[in-house]
Amino acid sequence: MSVLTSPVVPPKNATTGDLQITNVTKSFGAFTAVDDLTLTVPQGSFFALLGASGCGKTTTLRMVAGLEEPTTGQITLGGKDITRLRPYNRPVNTVFQSYALFPHMSVADNVGFGLKQRKTPRKEIGVKVAEMLDLVQLGSLASRRPAQLSGGQQQRVALARALINHPQVLLLDEPLGALDLKLRRQMQIELKRIQTEVGITFVHVTHDQEEAMTMADTVAVMNAGKIEQLGSPTEIYEFPATVFVANFLGQSNLLTSACSGTSGDDVLVEAYGSRFAVPRDRSRVTAGPAFLGVRPEKLHLVESALQVPDGHNAVPGVITDSSYVGVSTQYLVSAPWGEELSIFAPNSGTSSPLRPGANVVVHWHPQHSFLLAGAGAVASQGAPETAAPDGGSLL
């Protein structure tokens, strides 16, 4: 993948600073889309707002863009209050899922359209357009029309057009949603490369967990207008704060359990008549009701309890389903209490797949567990109380 020898840089007089959203609420009649949201997006970061449809992420983005006005609260950029500014007076540009390119214009004219509107000299426009097309690797396609481009190429044109005025913040609203899976993954890498080169703050709204984890430095998981958890992709995935985060960002096996005490650096947990250990630094609670969680790829399958390493948590069961998905085989194992555990076993080629009906033992290292607050539990690390998941005690 090519890298520019002379990266595009913002003008010397460009403003800088963090994007700050403070106690922002947005209501539509009786419905509250964003509920007392406070958030800081560091300058120069790639920040993702991740959540399901209706969680408030797009409304938040539209308030930053100036397309919606907060009911209450304040939005500042580099210390300047932009809460009530018109969209065209904000140093912010937006790239939408629909590229909104002018079909009658060439690629170069689409990219340079904003500069023409600002009465920029023609020679300067030509230089800047060439720089931007090189940045998105479309320099050879400058004379083409949008209809002659692929979806990925059109997305790059839209990105170049949004970046050419060097906005302080670039907002991306589900920008890759219209692309097929392979192209979407390629564009994830491209977007991250471009953000790194230009150094502009990117705020990316998506419901796609892979997109958020691939590109973002920081992810804010939203639910019902609030932030459920904020942190790096690794932090959120490896140590979710709530049941919602554990299930929205990837998959989790969650066992309804109760803390029964502590032993050294471990919290002891009882679930379905068995005792398990979870490291204290992996526990959101140390007493009362809890959910014992472990990711499917952290679980291992063996055919005998004698094969379980010392110190591992273990559950016997029977394989009920097996699905080959290329990089891994995904198993469902029925536990003694009747619920199913999900296990992702890598296809390393060192062993044969196990068949449905086989008796197995599921085991995992305690360090790969996490403990979340159950209904009525008192959180030890600030995690909110969480009701039991719908439909049973194990997800």
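Mentor: Let us begin with a cut-off: a residue counts as buried when its relative accessible area is under 20% and as exposed when that area is over 50%. Please keep in mind that this is a predicted model.

Trainee: Why is threonine 60 called buried?

Mentor: Threonine 60 has 3% relative accessibility, and buried means under 20%, so threonine 60 counts as buried. Across the protein, buried residues make up 48% of the 395 residues.

Trainee: What makes the pairing of threonine 60 with glycine 56 a polar contact?

Mentor: A polar atom of the threonine 60 side chain lies 2.8 Å from the backbone oxygen of glycine 56; the limit for such a pair is 3.5 Å, so the distance falls within it. Threonine 60 itself is placed in helix H1, which covers residues 57–65.

Trainee: Which residues is threonine 60 in contact with, leaving aside its neighbours within four places in sequence?

Mentor: Those residues are Ile21, Val34, Leu37, Leu49 and Met222, where contact requires heavy atoms within 4.5 Å.

Trainee: Where does the name "ABC transporter" come from?

Mentor: That name comes from a UniProt domain annotation in an unreviewed entry, covering residues 19–249, and such annotations may be inferred rather than shown by experiment. In the model, this span is 36% helix and 27% strand, with its end C-alpha atoms 25 Å apart.

Trainee: How is the protein divided into domains?

Mentor: Domain 1 covers 19–237 and domain 2 covers 251–379, and their centres, taken over C-alpha atoms, are separated by 39 Å.

Conventions. Residues are numbered from 1 along each chain as its sequence is written. This is a predicted model: local features need pLDDT of at least 70, side-chain atom pairs count only at pLDDT 80 or more; totals for chains, interfaces and linings use all residues. Side-chain values use heavy atoms; hydrogens and water are left out. Helices (H or I, at least four residues) and strands (E, at least two) are DSSP runs, numbered from the N terminus. Buried means under 20% relative accessible area, exposed over 50%, partly exposed in between (1.4 Å probe, protein chains only). A polar contact is a pair of N or O atoms within 3.5 Å; within protein, one must be able to donate a hydrogen and the other to accept it, and residues adjacent in sequence count only if both atoms are side-chain atoms. Domain bounds come from an automatic or database domain assignment.
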